[in-house]
Amino acid sequence: MAVNNNLPNLEKALHMVGSYYVEEAKTQLKIDGTDATGRLSKSIGYRLIDGSIDIVNTIHGKAIDEGSNPSSMGSDKVSASYISNIMEWASAKGIRPRSGSMRKMANAIARSIKKRGIIKRFNYSGSNIFDRVYKKLEERIGVDIAAGYAQDIKNKLNKL
C-alpha cells in the first residue's frame, strides 16, 4: 500500500526499515532459541499502512513476544491442535518423554503453560522480541526515516 505518492523517498525509507527490522527479528528469534519449527520466522513480514510499518506474524508470535498469562479458567482441557503444536515443537527441539507417549508429555506441558505461562527462561512473561529489536534499531530507524522525509521536502522546495 502506498504511503503517499507525494513522498516517494519516505515510502522507500519505510520499506527499507520494514525489511531490515524483519530480518533482525528473524535473527533474534534464532539467537533466543524461540523459533524451533521455523514457522514463526517464516511468517514475520511487514506492510505499510497509512504511513506506518505494521509487523505481521503468526498468532503464536504474540505468545512468544508477550508471553501467555496463566489460565484462570481452572480447566485442564486443551485443544487437540494445541497438543499437536506442542508435539511438533517438542520434536523440533529434540524433547522426548522419559516415559509414556509424546501426547501425554504434550498434555503435561500444555497444563503447565496454562498454570504458569510460557517460556521459563523469560520468567514466563514472553521474550519481548519486537521491543528489543526496535530498541536495537531505534537510532538507525530514526535516521533512515528522517533522511527519506528530508529528501522529499528538499525535492518539493526545489520545485517551487
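## Contacts of Ile44

Leaving aside neighbours within four places in sequence, Ile44 is in contact (heavy atoms within 4.5 Å) with Val22, Ala25, Lys26, Leu29, Ile55, Val56, Asn57 and Phe130. The model is predicted: local features need pLDDT of at least 70, side-chain atom pairs count only at pLDDT 80 or more, and totals for chains, interfaces and linings use all residues. Residues are numbered from 1 along each chain as its sequence is written, and side-chain values use heavy atoms, with hydrogens and water left out.

## Nonpolar core

Ile44 also belongs to the largest nonpolar core, which has 21 residues. Such a core is a set of buried Ala, Val, Leu, Ile, Met, Phe, Trp, Tyr and Cys residues joined through side-chain atoms within 4.5 Å; buried means under 20% relative accessible area, with a 1.4 Å probe and protein chains only. Tyr21, Ile44, Phe130, Val133, Leu137 and Ile141 touch the most other members.

Two or more residues each come from helices H1 (8-32), H4 (80-93), H5 (102-116) and H6 (129-159). H1 gives the largest share, 6 residues.

## Overall fold

The protein chain has 6 helices and 2 strands, in the order α-α-β-β-α-α-α-α. These are DSSP runs numbered from the N terminus: helices are H or I with at least four residues, strands E with at least two. The chain is more spread out than a compact globule, because its radius of gyration is 21 Å, well over the 15 Å that the globule rule gives for 160 residues. That radius is taken over C-alpha atoms, and the rule is 2.2 Å times the number of residues to the power 0.38.

Along its principal axes, the C-alpha trace spans about 75 × 30 × 25 Å. Buried residues make up 32% of the 160 residues.

Notes:
Buried < 20%, exposed > 50% of the residue type's maximum accessible area, 1.4 Å probe, protein only.
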